[in-house]
Amino acid sequence: MLIIGGPSSQLLAKRTASCLGMSPVVSEFSRFPDNEQYMRILSDVSGEDVVLIQSTTTDGDFFSLLQMIDACSEAKSVTCVIPYMGYARQDKRFKAGEPISARAAAKAVCCDRIFTVNIHEKSILDYFSCPAEDLDASFLIGQYVSGLDLNNPILIAPDRGVEEMVRKTARGLNIDCDVFDKTRLSGSSVVIKEKALNVSGRDVVMIDDMIATGGTMVEAINLLLAGGAERVYIGCVHPVLAGNAVPRLFNAGASGIFATDTIEKEQSCISVASLISDNL
Ligand code: R5P
């Protein structure tokens, strides 16, 4: 088996290969003067079972994945691990005339097997033309949370979409759990309904599948601190953390931000490498 990391998942590929006692294959990634992307795998993949690891956070990342699959045309099999799949939130036609962007992306990824990690909406897996499985990082998140020095903690999901994952994490840790009601007004603005939740004097850990603009978490932090929460930690699987999300979260009063390395950011202190390697 050969592990090959794309430009967005170099560290995760290295960590996954290490879990398997291997070294990742080295590739070159650059751009032509006109900004088109170039890539080259620096090993012979003919006849090999190849595992490509590449999150598709940007359009360029997505095209890199397609280039990598094509570069492995002579491999025996190609498994794509897409730890964070971009466009997964566009899983429906919200207005007439819109594409289902997640379906467009899934249809373009042609290989033998696919893994995602906590994909935003599991029904997207059906759009792939090969067997696709979603891996759940909630156990790893739970491990991290258990290492925090928390006072009478409660885990909270900011909306129903992530409720199952957060409840599972809380059950594993045997700590309280609740879920907020969220209504999205626009790409960067949400309203979170207050709940009859007593967080006074307690440490709260908010967990979402992803943090993009930070709007959801900022609203939640405001509510929790107004309700007397002691400290509010913010966690997610996918740290998209677009624009000024990080300073917004700290300015709102977050005590810490943690995430996995499905997207490689400064906050990615939890690795999903073992989750991936255990399933290959
Ligand atoms: C949406 O349903 C997701 O689970 C996240 O809550 C959302 O994408 C977070 O986005 P933002 O950080 O921009 O509020």
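Reply: Helix α4 (residues 138-146) and helix α5 (residues 163-173) cross at roughly 50°, their axes coming within 9 Å. Helices here are DSSP runs of H or I, at least four residues long, and strands are E runs of at least two, numbered from the N terminus. The axes are lines fitted to C-alpha atoms over the stretch in contact, with angles between N-to-C directions running from 0 to 180 degrees. That angle makes α4 oblique to α5 (under 35 degrees is roughly parallel, over 145 roughly antiparallel, 65 to 115 roughly perpendicular, and the rest oblique). The crossing of α4 and α5 is right-handed, meaning the near helix is turned clockwise from the far one by less than a right angle. On the α4 side, the contact (heavy atoms within 4.5 Å) uses S138, I141, G142, V145 and S146, and α5 brings M165, K168, T169 and L173. Sorted by type, these contact residues of α4 and α5 are four nonpolar, four polar and one charged. Ala, Val, Leu, Ile, Met, Phe, Trp, Tyr, Cys and Pro count as nonpolar, Asp, Glu, Lys and Arg as charged, and the others, Gly among them, as polar.

Now for another pair: α6 (residues 215-226) and α7 (residues 245-252) pack at about 5°, axes 9 Å apart, and are therefore roughly parallel.

Bear in mind that this is a predicted model, where local features need pLDDT of at least 70 and side-chain atom pairs 80 or more, while totals for chains, interfaces and linings use all residues. Numbering starts from 1 along each chain as its sequence is written, and side-chain values use heavy atoms, leaving out hydrogens and water.
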